[in-house]
Amino acid sequence: MTSFDEQLAMRARAERAGVWSPEDERDACGVGLILAMDGAPRREIVDLAIKSLKAVWHRGAVDADGRTG
């Protein structure tokens, strides 16, 4: 897990790279963007993507009644 300071540094890098803007933040369901700012492939990125999908399970084509697909 990353510390708060590390998260702030990552946000600053993402903003400078043009892939994130604080004006685009909303308190609602949407999409997740998981990326390695250095472009290096690693398992941690996959694990974070899976974690983000689990956090919004209702957006992952899950059946509404528990019986249908």
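Visitor: What makes aspartate 24 count as exposed?
Guide: Its relative accessibility is 57%. Exposed means over 50% relative accessible area, buried means under 20%, and partly exposed is in between (1.4 Å probe, protein chains only). Since 57% is over 50%, aspartate 24 gets the exposed label. One caution: this is a predicted model, where local features need pLDDT of at least 70 and side-chain atom pairs need 80 or more, while totals for chains, interfaces and linings use all residues. Residues are numbered from 1 along each chain as its sequence is written, and side-chain values use heavy atoms, leaving out hydrogens and water.

Visitor: Where does aspartate 24 sit?
Guide: In the loop between helix 1 (4–17) and helix 2 (43–55). The whole chain has two helices and zero strands. Those are DSSP runs, numbered from the N terminus: helices are H or I with at least four residues, strands are E with at least two.

Visitor: What makes Glu15, Glu23, Asp24 and Glu25 a patch of negative charge?
Guide: They gather on the surface, and Asp and Glu count as negative (Lys and Arg as positive, with His and the chain ends left out). Patch members need over 30% relative accessible area and no salt bridge; like charges are joined within 9 Å, nonpolar side chains (Val, Leu, Ile, Met, Phe, Trp, Tyr) within 5 Å. For these residues, the charge is placed at CG of Asp or CD of Glu.

Visitor: And which residues make up the nonpolar patch?
Guide: Val19, Leu33, Leu35 and Met37, with about 340 Å² of accessible area together. Valine 19 lies in the loop between helix 1 and helix 2. At 43%, valine 19 falls between the cut-offs, so it is partly exposed.

Visitor: Serine 21 is in that loop too. Is it buried or exposed?
Guide: Buried: 16% relative accessibility is under the 20% limit. Across the 69 residues of the chain, 6% count as buried. The chain exposes about 6,100 Å², with carbon and sulfur atoms supplying 56% of that; such areas come from the Shrake-Rupley method with a 1.4 Å probe.

Visitor: How do you know that serine 21 and glutamate 23 have a polar contact?
Guide: Their side chains are joined at 2.4 Å. A polar contact is a pair of N or O atoms within 3.5 Å; within protein, one must be able to donate a hydrogen and the other to accept it, and residues adjacent in sequence count only if both atoms are side-chain atoms. The 2.4 Å value is within that 3.5 Å limit, so the pair qualifies on distance.

Visitor: What makes arginine 43 and aspartate 47 a salt bridge?
Guide: Their closest N and O atoms are 2.9 Å apart. The rule asks for a side-chain nitrogen of Lys or Arg within 4 Å of a carboxyl oxygen of Asp or Glu, so this pair passes. Arginine 43 and aspartate 47 are four residues apart in helix 2, so about one helical turn separates them. Asp38, Arg42 and Glu44 are another story: salt bridges that share partners join them into one network.

Visitor: What makes valine 56 partly exposed?
Guide: Its relative accessible area is 27%, between the 20% and 50% marks. Valine 56 lies in the segment after helix 2.
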